[in-house]
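Colleague: Take one part of this model and go through it closely for me. Then carry on from there to the other local features worth checking. Keep it brisk.

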Amino acid sequence: MNENKPGASQNLACVFCRKNDDCPNKYGEKKTNEKWNLTVHYYCLLMSSGIWQRGKEEEGVYGFLIEDIRKEVNRASKLKCCICKKTGASIGCVTPRCKRSYHFPCGLQRECIFQFTGNFASFCWKHRPVQIITSNNYRDSLPCTICLEYLEPVPTYNILRSPCCKNAWFHRDCLQVQAINAGVFFFRCTICNNSDIFQKEMLRMGIHIPEKDASWELEENAYQELLQHYEHCDVRRCRCKEGRDYNAPDSKWEIKRCQCCGSSGTHLACSSLQSWEQNWECLECRGILYNSEDFQKAKKHTLPNTNSVGLTDCLLEESSPKLPRQSPGAQHKDLLRQGNKFRKEVSTIMVELGFQIKKKTKRLWINKANVWNSALDGFRNQNFNPSYTIEVAYVDENDNFGRERPGSKQEFLSLLMQHLENSPIFEGSLSKNLSLNSQALKENLYYEAGKILAISLVHGGPSPGFFSKTLFNCLVYGPENTQPILDDVSDFDVAQIIIRVNTATNVADLNSVVNECYNYLELIGCLRLITSLSDKYMLAKDILVYHVIKRVQAPFESFKQGLKTLGVLEKIQTYPEAFYSIFCHKPENLTAKILSDLFTVRTLSDVQALGFWNSYLQAVEDGKSAVTMEDILIFATGCSSIPPAGFKPTPSIECLHMDFPVGNKCNNCLALPITNTYQEFQENMDFAIRNTLRLEKEGSSHYIGH
């Protein structure tokens with residue numbers, strides 16, 4: 001394969017399209033094999049319907065053998081282009097019974113779609129895939145998020161919408177140029193940086209994403225300075241004899257960077273820091289933070305004076321606020337001056353955490369009837385890496401043939417969270433705290449629970465939703481800055497002691513309670529001399545703090561260490577407001593609109609069936625069906641709620657000629673039946689969803705029963 005010198009191939013025509021244009025963005029690279037006097041556009045060659053790459057990359061032209069190219073040219077010479085009416089139409093529409101053939105440039109002109117993935121399918125203008133949105137709330141023009149020129153937000157051939165950010169619109173030409181420059185490793189949604197969902201949709205809609213590095217990465221060491229950490233001690237009096245630039249990891253002379261700006265540093269010893277995990281701000285950032293309006297307000301919330309506090313105050317007082325740890329990234333100091341608390345949506349934080357996940361996969365063999373133990377075996381395996389992409393295969397220990405079937409990762413993580421919520425390492429009814437379970441401590445299950453929870457969140461698992469506010473505050477602000485309340489006590493006897501202490505009306509009654517519970521109070525270290533009735537508030541507080549916090553100190557520290565996996569705990573402490581909603585509250589109830597917006601329409605679907613689908617969702621929301629919104633989502637995805645990180649892949653629906661719906665949880669795809677009447681559609685949907693979920697539940701109950 002000999003490439004032409006610059007300008008030498010300008011007048012040589014492609015053997016497929018017979019055009020001499022040299023436009024890599026439109027037709028791909030133009031190359032000539034001088035030995036065989038053969039010139040081709042890369043895309044013309046790639047999309048031709050009757051040729052396959054049988055050689056190695058360096059053989060022939062891009063791995064297509066010369067003899068195969070000649071055969072394909074000969075085949076195409078007998079086919080007439082339905083657009084320009086000339087022979088040589090090597091590309092045909094893949095839709096069954098469609099006989100249209102065309103040249104690649106003609107297809108572009110007529111707005112055909114060419115998919116540069118899989119079997120490299122081509123679709124004519126009548127059968128091309130389209131983007132369908134259920135409702136268009138955009139009345140005004142919106143800017144293309146690449147070129148910023150305004151466009152009409154209606155999906156057409158030339159206007160595409162991001163599948164992950166519904167307010168992001170693009171010109172097709174802008175996307176194609178961006179894809180060629182960025183390559184497969186850097187081509188992402190310009191709003192949320194999602195790559196998997198975004199690239200899959202763009203490939204479906206005919207955007208070519210070359211498997212190459214980004215153009216801006218080809219310059220050697222172009223961004224080398226960005227990889228350097230700031231390593232200099234900036235305190236007024238540096239104590240290190242080796243100098244301000246000396247950095248010795250895991251010692252007192254390790255350099256810690258400012259957690260706010262990242263552009264100042266200190267040796268641990270120079271700022272009297274006991275460990276690298278302690279927070280440290282430089283003088284400038286500290287002054288900005290402590291003078292901010294938010295910090296001044298926070299200082300007013302102090303713990304109550306125990307001498308004047310009442311019963312309600314003692315039991316219901318929230319923990320004293322502590323300034324949240326700031327994001328460790330290189331934040332601009334002018335944001336600090338504005339009192340910015342670095343608020344973010346939890347979905348955005350999940351996307352950032354998701355960047356750690358590598359494309360390398362790790363398969364977990366899961367017994368669906370014994371999810372917890374099989375998951376523990378997988379996560380404890382020495383070859384398991386939490387940053388690898390998780391693949392799930394379901395196995396049955398009673399299957400003598402050892403067969404396995406592909407499983408849904410998000411269904412697996414949902415089952416895992418359900419088990420964790422009801423496991424003995426937590427106690428309480430709705431809002432749970434850590435329990436004290438000696439066997440779980442011995443088996444290191446608290447650490448494993450924290451680790452599994454962190455992995456689940458980053459890999460697209462559901463919201464926990466069962467943490468008490470007290471447990472969450474302990475994780476964010478520390479146990480020493482958290483005051484538990486009576487609702488945190490799940491032990492009935494202990495709760496009765498606290499109530500009796502607080503309801504004592506005189507010193508004699510209070511001493512009577514203390515005498516009755518003398519052994520217990522002495523055991524937990526809360527025995528105190530009662531001199532006045534106001535001592536009851538401090539006694540009640542001591543019992544609360546011991547039972548809810550001090551008693552479970554070892555489990556808590558172990559659980560916290562596990563939650564540090566993949567940097568989840570650090571994000572929780574940085575953005576407590578965002579994480580509070582998913583840790584302490586169940587997800588919002590699903591509605592017809594939420595599900596309708598959640599599911600995208602796959603290719604061209606039956607219009608009547610889609611109408612039945614929207615009517616069915618409304619009927620379910622109105623209680624006119626035997627199933628619930630959650631049942632539908634479980635049937636299609638294995639999850640009863642939308643995970644904080646969203647679904648991967650995006651849930652979709654398609655319409656097929658069959659009697660009953662089919663849920664593919666691995667692909668989050670729901671196949672709708674095509675029926676003659678809506679009544680038949682609803683009956684078939686109800687029957688399939690209700691019975692499928694019932695059989696799955698019975699299978700799980702059967703295991704537990706045995």
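Modeller: Helix 6 is mostly covered, with seven of its nine residues buried. This is a predicted model. The buried residues of helix 6 are I197, F198, Q199, E201, M202, L203 and R204. In an α-helix, residues three or four places apart point the same way, because there are 3.6 residues a turn. What lies over the buried residues of helix 6? The cover includes strand 5 (113–114), strand 9 (159–161), strand 10 (169–171) and helix 5 (172–186). After helix 6 comes G206, with a positive phi near 90°.

Further on, the loop between helix 6 (196–204) and strand 11 (255–257) holds D250. D250 is not a glycine, yet its phi is positive, about 60°. Most residues other than glycine have a negative phi, and most peptide bonds are trans. Is D250 buried or exposed? D250 has 77% relative accessibility, so D250 counts as exposed.

Y62 sits in the loop between helix 2 (42–47) and helix 3 (66–76). At 13% relative accessibility, Y62 is under the 20% cut-off, so Y62 counts as buried.

N37 is another residue to check. The hairpin of strand 1 and strand 2 has four residues between the strands, and in this hairpin N37 takes a positive phi near 50°. Strand 1 (residues 30–33) and strand 2 (residues 38–41) run antiparallel, joined by four bridges. Strand 1 is covered on both faces. K30 and T32 are on one side, K31 and N33 are on the other, and all are buried.

K648 and P649 are joined by a cis peptide bond, with omega about -5°. P649 lies in the loop between helix 26 (629–637) and strand 19 (652–656).

Next, the cysteines. How many disulfides does a search of the whole structure find? The count is zero. The closest cysteine sulfur to that of C124 is in C93, 3.8 Å away, so the pair is too far apart for a bond. The cut-off for a disulfide is 2.5 Å. C124 counts as buried, at 0% relative accessibility. C147 is in no disulfide either, and the nearest cysteine sulfur, that of C174, is 3.7 Å away. C147 is partly exposed, with a relative accessible area of 31%.

Three strands form an open sheet in the order 13-14-15, with mixed pairing. Strand 13 (358–367) and strand 15 (404–407) are the edge strands, each pairing on one side only. From one strand to the next, the twist averages 35°. Strands of a sheet pair through backbone hydrogen bonds, either parallel or antiparallel. Strand 13 and strand 14 (residues 388–395) run parallel, with eight bridges between them. Among the pairings, W365 has A393 of strand 14 as its bridge partner.

Helices pack on this sheet. Helix 12 (residues 371–380) touches strand 13 and strand 14, and its direction makes about 140° with that of strand 13. Helix 13 (residues 409–421) lies across strand 13, strand 14 and strand 15. Its direction is at about 80° to strand 14.

Helix 12 has a helix partner as well. Two packed helices are described by the angle between their axes and the distance between the axes. For helix 12 and helix 15 (residues 445–458), the angle is about 85° and the axes are 11 Å apart. Angles of 65 to 115 degrees count as roughly perpendicular, so helix 12 is roughly perpendicular to helix 15. Which residues of helix 12 and helix 15 make the contact? Helix 12 supplies W372, L376, F379 and R380. Helix 15 supplies L445, E448, A449, K451, I452 and I455. By type, the residues of this contact divide into seven nonpolar, three charged and no polar.

Key: Residues are numbered from 1 along each chain as its sequence is written. This is a predicted model: local features need pLDDT of at least 70, side-chain atom pairs count only at pLDDT 80 or more; totals for chains, interfaces and linings use all residues. Side-chain values use heavy atoms; hydrogens and water are left out. Two strands pair if DSSP finds at least two bridges between them. Helices (H or I, at least four residues) and strands (E, at least two) are DSSP runs, numbered from the N terminus. Axes are lines fitted to C-alpha atoms, for helices over the stretch in contact, and angles run from 0 to 180 degrees between N-to-C directions. Contact means heavy atoms within 4.5 Å. Buried means under 20% relative accessible area, exposed over 50%, partly exposed in between (1.4 Å probe, protein chains only). Angles under 35 degrees count as roughly parallel, over 145 as roughly antiparallel, 65 to 115 as roughly perpendicular and the rest as oblique. Ala, Val, Leu, Ile, Met, Phe, Trp, Tyr, Cys and Pro count as nonpolar, Asp, Glu, Lys and Arg as charged, and the others, Gly among them, as polar.
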